[in-house]
Structure formats: structure tokens, C-alpha cells
Amino acid sequence: MAGNAANSTPLKFPSTIPTVKWNSNPRICVLTKPPTPSLSLYQVQSLSLHNNCRFCSSFSLKASSSIASVGNTEYVVEPSTNVKFSTSLSLPGCSTSLSLLGTGYREKVFAIIGVKVYAAGLYINTSVSNELNSWRGRSATVIQEDSSLFNIIFKSPSEKSLQIVLVRDVDGKTFWDALDDAISPRIKAPTPVDELALSTFRSIFQGRSLKKGTFIFLTWLEPPKMLVSISVDGLPTGVEATIESNNVTSALFDVFFGDSPVSPTLKASVATGLAAVLK
């Protein structure tokens with residue numbers, strides 16, 4: 001894990017968000033600073049690489065064409081699902097608005113055919129940047145392959161939230177079973193507190209029909225405490241349940257940002273976003 005930073009300069013989060021899309025014509029976009037010391041704009045270069053992915057990102061400290069607007073709301077489109085994510089959100093239980101850091105999608109394979117189930121975006125309280133100065137200058141690849149930075153983000157007392165947007169109808173039990181199949185193996189010896197938390201978590205989805213377009217928010221207020229909110233019509237106005245178990249909440253974070261994430265595109269996008277703000 002990276003040590004404490006000597007440089008305490010506050011970090012500035014970009015208004016545009018990197019996205020990741022797998023395709024058969026791979027290229028990678030990397031960031032280069034303009035030759036002047038101005039911080040008004042980061043430029044993007046495209047390079048062809050012999051791999052199977054494409055990172056497309058465009059960062060600017062000002063609004064740019066890569067951000068769309070509806071009324072007074074700015075949003076980023078996750079390209080594989082066309083789901084729109086607001087660049088900032090105010091959620092129930094959070095002390096301040098959270099900023100979007102990256103987006104991706106979850107795909108399940110049925111009979112060798114990949115089916116997209118949901119899009120996801122990670123939002124963080126920008127105060128966590130004060131704990132990441134020692135990671136300045138690290139590349140997206142280094143960040144993505146080293147779980148230390150993600151551990152710092154999880155253990156930080158600042159709020160973060162994962163927004164999941166379903167892109168097809170899903171039975172609540174099916175959704176929970178898939179989530180539980182990923183969470184449970186990460187808890188080696190569940191305690192009664194863990195079992196209660198999992199039972200509470202399960203009860204939210206049992207017998208519930210989750211329609212296409214449903215929003216699910218998993219919001220960590222602090223490492224052992226997580227709020228679950230569900231909405232079928234815009235942002236949630238309340239909290240469905242509170243999950244209090246460090247083992248369960250850390251396992252869930254690891255499902256998305258650990259060494260074997262269920263959405264590689266989400267983790268890669270977040271790593272690219274972190275690399276950009278930690279220049």
C-alpha cells in the first residue's frame with residue numbers, strides 16, 4: 001500500500017468521465033498535457049495497441065462536448081448500454097454531493113452469448129482525494145492492477161456510492177442470487193452480524209420485480225455501514241435498508257473493485273479516472 005504523501009495539494013476532479021468499451025478494433029486513448037502549464041484542458045491522443053480493449057476518455061476542467069446536458073443536469077453516457085449517469089448526485093444519507101469517477105457494465109454469458117444486465121457508475125466524495133496524493137503520477141494500468149488504492153478508497157470514512165441501472169427486466173431473487181454468489185465466497189467465516197446483514201440485504205430483493213431502468217444505489221457511509229436505495233422513477237428519496245457489517249460491505253466493494261471484478265469495464269474506467277485526477 002502506498003505510504004503517506006508529503007504533497008497535500010488538493011486534487012481537482014475532472015468534469016468528464018472515462019468509459020471503457022470492449023470491441024474488435026482495439027485502440028487506447030491516453031492523456032497528454034498541452035505544452036503550456038495551463039490546466040484548462042487535457043488533450044487526448046489515440047494509439048493502436050495489440051490487445052483486446054479500448055479506453056476512451058476525454059478530460060477537461062471545463063465543460064466539453066463529451067458531456068451532454070439536459071436542463072441544468074450534466075451527464076455521461078456509458079457507451080455499451082447508452083445509460084446516462086449524472087456527473088454529480090445528492091443521495092439520501094450523504095452529507096454532500098458525490099462526483100462520478102467512472103462507468104462500466106455487467107455482462108452475463110448464456111449459451112456462449114454475452115447479455116448485458118446492468119450499467120454501473122462509481123461516485124465518490126471528493127474529500128477522499130486528500131488520502132491519495134502518494135498515488136500521483138501512477139498510470140491507469142498500475143492503479144488497476146494494484147488493489148491498494150481501492151482499499152484506501154473503501155477504508156476512507158468519506159461517502160461513496162455505486163449506482164446500478166438495469167438494462168433489462170430481472171427477477172429480484174435472480175439479481176440477489178447472482179450478487180450473493182459473488183459476496184459469500186469472499187466471507188470465509190461469517191459471524192452472526194454478517195448473517196443478519198446478508199439476511200437484511202436478501203430481503204430487499206426477494207419477491208421483487210426489477211424492471212429495466214430501475215436504479216439501485218449501494219452507498220457506503222463509512223466502511224462497515226452501507227445504505228441500499230432503489231428507485232424506478234429517478235433518484236431515490238429514501239433508504240430501503242441499512243447494512244451494518246464490515247465483512248459484508250467490504251466483500252461487496254471487492255466484488256466490483258477487487259482482483260476479480262464482476263465488471264472489468266467499470267474498474268478499468270475508474271482506474272483511468274483516478275490516473276487522470278492524480279496527474
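Phe217 is buried, at 1% relative accessibility. Buried here means under 20% relative accessible area, with exposed over 50% and partly exposed in between, using a 1.4 Å probe and protein chains only. Phe215 also counts as buried, at 18%.

A word on the basis. This is a predicted model, where local features need pLDDT of at least 70 and side-chain atom pairs count only at pLDDT 80 or more, while totals for chains, interfaces and linings use all residues. Residues are numbered from 1 along each chain as its sequence is written, and side-chain values use heavy atoms, leaving out hydrogens and water.

Now the rings. Phe, Tyr and Trp rings (for Trp, the six-membered one) pair if their centres lie within 6.5 Å; planes under 30 degrees apart are stacked, over 60 edge-to-face, the rest tilted. That rule gives 11 aromatic pairs. One of them joins Phe215 and Phe217. The pair is edge-to-face, with centres 6.2 Å apart and planes at 80°.

Next, Phe253 and Phe257. Their pair is tilted: 5.0 Å between centres, 40° between planes. Both residues are buried. Why about one helical turn between them? They sit four residues apart in helix α5, residues 246–257. Helices are DSSP runs of H or I, at least four residues, numbered from the N terminus.

Ring pairs also build a cluster: Phe150, Phe154, Trp220, Phe253, Phe256 and Phe257.

Last, charges. A charge sits over a ring if Lys NZ or Arg CZ is within 6 Å of the ring centre and within 35 degrees of the ring normal. Lys267 has its charged end over Phe150, 5.2 Å from the ring centre. Lys116 does this over Tyr105, at 5.1 Å.

Conventions:
Helices (H or I, at least four residues) and strands (E, at least two) are DSSP runs, numbered from the N terminus.
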